[in-house]
Amino acid sequence: MSKITAVGETTGTLPDGRHQPDEAERPLRAAIVGTGFIGEVHARAVRRVGARLVGVAASTPERGRAAARRLGAEDAFDEAEVLATSPDVDVVHICTPNHLHADLAAMALAAGKHVVCEKPLAVDGATARRLTAAADAAGRVATVPFVYRFYPLVREARARVAAGAIGPVRLLHGNYLQDWLATEDDDNWRVDAELAGESRAFADIGSHWCDLVEFVCGDRLAAVCAEAVTAVPERVHAAGTEPHAFAAPVTAGASRRTVTTEDITVVLFRTVGGVAGSVVISQVSPGRKNRLQFEVAGSEATLFFDQEQPESLWVGRRTSSEIIVRDGAHLAPAAAPYAVLPPGHPQGYQDCFDAFVGDTYRAIRAGGAGAVDGLPTFADGARAADITDAVMRSAKGRTWEEVPQP
Ligand SMILES: NC(=O)c1ccc[n+]([C@@H]2O[C@H](COP(=O)([O-])OP(=O)(O)OC[C@H]3O[C@@H](n4cnc5c(N)ncnc54)[C@H](O)[C@@H]3O)[C@@H](O)[C@H]2O)c1
């Protein structure tokens with residue numbers, strides 16, 4: 001005898017015959033607070049991975065409505081706090097200036113949301129660690145977009161180091177150099193310690209470098225000795241927290257202000273594993289745009305990666321050297337899934353964001369961040385904040401400073 005079943009009850013079929021998605025298949029409902037440069041990148045990624053962009057919020061209701069139209073969001077929220085706690089939202093993306101991150105993330109977690117919070121997770125290590133504990137206690141997926149991890153050849157480098165292919169690591173070094181704040185006519189909310197935190201260049205981009213190198217090497221910075229330089233001591237001051245286009249100098253009628261945050265950081269470090277290293281961070285290096293490079297020298301081979309040429313990885317050896325190009329068919333199993341286009345059709349920064357958001361949402365579906373390898377979580381955000389704190393202590397005290405270990 002056939003069992004009589006209410007339409008849609010267990011058959012997953014709607015009255016008109018269409019498949020009815022169950023809870024696990026329903027597209028996630030994402031909402032974004034902060035709709036400037038990176039909010040737009042998040043919005044593209046949300047859509048590309050098949051989620052719904054149900055809402056956005058900006059610094060004013062008018063800007064929020066304009067952003068909703070521009071980004072194709074379903075709705076605009078007048079207030080960030082309402083978005084962060086809305087019952088119609090599954091995952092909150094926080095893309096505002098830094099000083100707003102911690103309160104919004106805490107609010108969203110308390111409301112049971114999954115959270116993607118931009119770096120720096122908080123403007124000090126203690127707050128970032130409290131947020132990590134709150135995310136753990138809430139059992140929510142909480143991630144931070146250290147997206148350079150998502151270049152396929154970064155994954156390849158990581159796989160090679162982990163497999164022992166370059167031998168024990170002996171030396172780490174590199175840089176992250178930009179020029180968009182090179183002149184005294186360049187301004188941005190990041191210059192203001194009230195909005196961005198005590199550290200600017202290191203917290204903003206040095207944090208990416210450290211996360212990437214710890215990720216690739218599986219080792220951690222243990223102690224740092226830093227020099228921080230404010231190369232442009234006075235800058236034009238454009239009022240408000242709205243962005244001026246990167247690299248577009250602010251001119252007409254603006255006042256000037258004294259700068260307290262650093263333009264350059266030079267850091268010597270040693271790792272828990274006893275490896276020596278150094279990194280140069282700058283936002284005032286003319287001609288350099290997003291020159292994030294790292295080099296890992298092992299006893300058998302050296303790996304060199306350049307974020308501006310992310311489709312290749314240099315592998316140096318004593319006898320001969322080679323350039324590995326991105327080709328999913330020939331990458332390590334952990335790297336191949338991130339090669340989403342045929343080799344020769346370049347992938348780039350937005351693809352990293354798509355992969356990061358895709359992996360975050362996969363973790364949400366799977367019930368936890370641990371289900372997805374290499375996902376940068378709030379713990380990694382707290383780690384970056386702890387390193388930044390140690391760098392700033394070192395620069396101020398002219399001392400070597402220990403980095404707390406988890
Ligand atoms: N992961 C990365 O690679 C990456 C890259 C760039 C920026 N970021 C981070 O993203 C964040 C934003 O940076 P950006 O470059 O997009 O800045 P931006 O100035 O371009 O955009 C900031 C946005 O925040 C909004 N905002 C300001 N105050 C607000 C408030 N009270 N409520 C709601 N919205 C408000 C503004 O309207 C604007 O849309 C920063 O924390 C930055 O460190 C990360």
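Two strands count as paired here if DSSP finds at least two bridges between them. With that in hand, welcome to this predicted model, in which five strands form an open, parallel sheet in the order β2-β1-β3-β4-β5.

**The parallel sheet**
- β2 (52–57) and β5 (142–143) stand at the edges with a single partner strand each, so one side of each has no neighbour in the sheet.
- Five bridges join strand β1 (residues 29–33) to β2 in the parallel sense.
- Helix α9 (residues 349–366) lies across β1, β3 (91–94), β4 (114–117) and β5.
- The direction of α9 is at about 150 degrees to β3, and angles over 145 count as roughly antiparallel.

- In soluble globular proteins, nonpolar side chains tend to be buried together.
- The largest nonpolar core here has 77 residues, and Trp209, Phe294 and Tyr361 are those with the most contacts inside it.
- Helix α8 (residues 201–217) gives this core its largest share, ten residues.
- Apart from this core lies another one, of 30 residues, including Ala31, Ala105, Cys117 and Ala128.
- Leaving aside residues up to four places away in sequence, Tyr361 touches Leu28, Ala30, Val46, Val49, Ala51, Val91 and His93.

**The α4 and α5 pair**
- Helix α4 (residues 101–110) packs against helix α5 (residues 125–138) at an angle of about 10 degrees, and their axes are 10 Å apart.
- Angles under 35 degrees count as roughly parallel, and α4 and α5 are therefore roughly parallel to each other.
- Their crossing is left-handed.
- On the α4 side, the contact is made by Ala102, Ala105, Ala106 and Leu109.
- On the α5 side, Thr127, Leu131, Ala134, Ala135 and Ala138 make the contact.

**The enclosed helix α6**
- The buried residues are Pro152, Leu153, Val154, Arg155, Glu156, Ala157, Arg160 and Val161.
- Their cover includes β6 (169–177), α8, β13 (302–306), β14 (312–316) and β15 (322–325).
- Just after α6 comes Gly164, with a positive phi of about 80 degrees.

How values were computed. Residues numbered from 1 in each chain as written. Predicted model: local features only at pLDDT ≥ 70, side-chain atom pairs only at ≥ 80, totals over all residues. Heavy atoms only, no water. Helix = DSSP H or I, 4+ residues; strand = E, 2+ residues; numbered from the N terminus. Contact = heavy atoms within 4.5 Å. Axes fitted to C-alpha atoms, helices over the stretch in contact; angles between N-to-C directions. Core = buried A, V, L, I, M, F, W, Y, C linked by side-chain atoms within 4.5 Å. Buried < 20%, exposed > 50% of the residue type's maximum accessible area, 1.4 Å probe, protein only. Parallel < 35°, antiparallel > 145°, perpendicular 65-115°, else oblique. Left-handed = near helix turned anticlockwise from the far one by under 90°.
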